[in-house]
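Visitor: I would like to go through this model residue by residue. Please show it first.

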Amino acid sequence: MKKIALALVVALAGLFTLAAEDAELFVATFSGPNKGYYVWCNKGMAVDNQMKDGKAVVTIKESGAEKTNGGNIQFIVAYNASFKAGAKYRAEATVVSSVDFQMAASVFLNKAPWTGLAGKSFNLKADQPQKIEVPFSPKEDVAGSYRVPCLNLGTAPVGAVIEVSDVKVFEIK
């Protein structure tokens with residue numbers, strides 16, 4: 001009887017664990033002519049933008065903007081989504097930089113008025129893969145094309161190589 005009770009407890013614990021897993025809503029695929037992402041640069045900024053082994057690789061070629069800020073170069077993965085009010089979500093990616101620098105990542109509407117849902121800063125260390133996570137929870141139901149995430153690369157120095165992979169969006173259960 002004790003063995004049956006123990007087996008039942010273990011089985012129920014397993015069910016609760018499965019029920020608590022986050023729901024994967026989106027996985028970016030970096031391939032094909034549209035690449036699954038794009039890079040926007042402000043005037044005076046230039047990048048080399050390639051795909052390699054399923055990863056996006058951005059090399060900073062020119063940094064001649066009048067004012068230095070992260071938003072001068074933006075790595076963007078757009079996702080047509082509906083996010084529910086009060087629900088919890090997480091956008092994540094793996095980023096590897098050839099140099100140390102501070103980068104901001106955010107989730108926001110991919111058109112004017114550029115409504116933001118969340119943002120967070122990350123200190124990248126040279127040649128160390130870092131999983132970045134941006135949690136967010138809309139105050140009201142929203143739908144449209146969202147940047148999930150938008151990585152601000154404008155403070156990276158000329159010559160820096162930034163590799164991005166494993167971009168996903170989850171609903172947190």
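Visitor: Which residues does Ile 76 touch, not counting residues up to four places away in sequence?
Guide: This is a predicted model, in which local features need pLDDT of at least 70, side-chain atom pairs count only at pLDDT 80 or more, and totals for chains, interfaces and linings use all residues. Residues are numbered from 1 along each chain as its sequence is written, and side-chain values use heavy atoms, with hydrogens and water left out. Contact means heavy atoms within 4.5 Å. On that basis the partners of Ile 76 are Tyr 37, Tyr 38, Trp 40, Asn 110, Arg 147, Pro 149 and Cys 150.

Visitor: Is Ile 76 buried or exposed?
Guide: Ile 76 sits in strand 5, residues 73-83; helices (H or I, at least four residues) and strands (E, at least two) are DSSP runs numbered from the N terminus. Buried means under 20% relative accessible area, exposed over 50% and partly exposed in between, with a 1.4 Å probe and protein chains only. Because its relative accessibility is 0%, Ile 76 counts as buried.

Visitor: What is the omega of the peptide bond from Val 148 to Pro 149?
Guide: Pro 149, one of the contacts of Ile 76, is placed in strand 10, residues 142-152. Most peptide bonds are trans. The bond from Val 148 to Pro 149 is cis, with omega near 0°.

Visitor: And what is the omega from Ala 112 to Pro 113?
Guide: Pro 113 belongs to the loop between strand 7 (101-109) and strand 8 (116-124). The bond that joins Ala 112 to Pro 113 is cis, with omega near 15°.

Visitor: What is the phi of Asp 53?
Guide: Asp 53 is in the loop between strand 3 (45-52) and strand 4 (55-63). Asp 53 counts as exposed because its relative accessibility is 71%. Most residues other than glycine have a negative phi. Asp 53 is not a glycine, yet its phi is positive, at about 55°.

Visitor: What is the phi of Asp 166?
Guide: Asp 166 lies within strand 11, residues 161-172. With 47% relative accessibility, Asp 166 counts as partly exposed. Although Asp 166 is not a glycine, its phi is positive, at about 50°.
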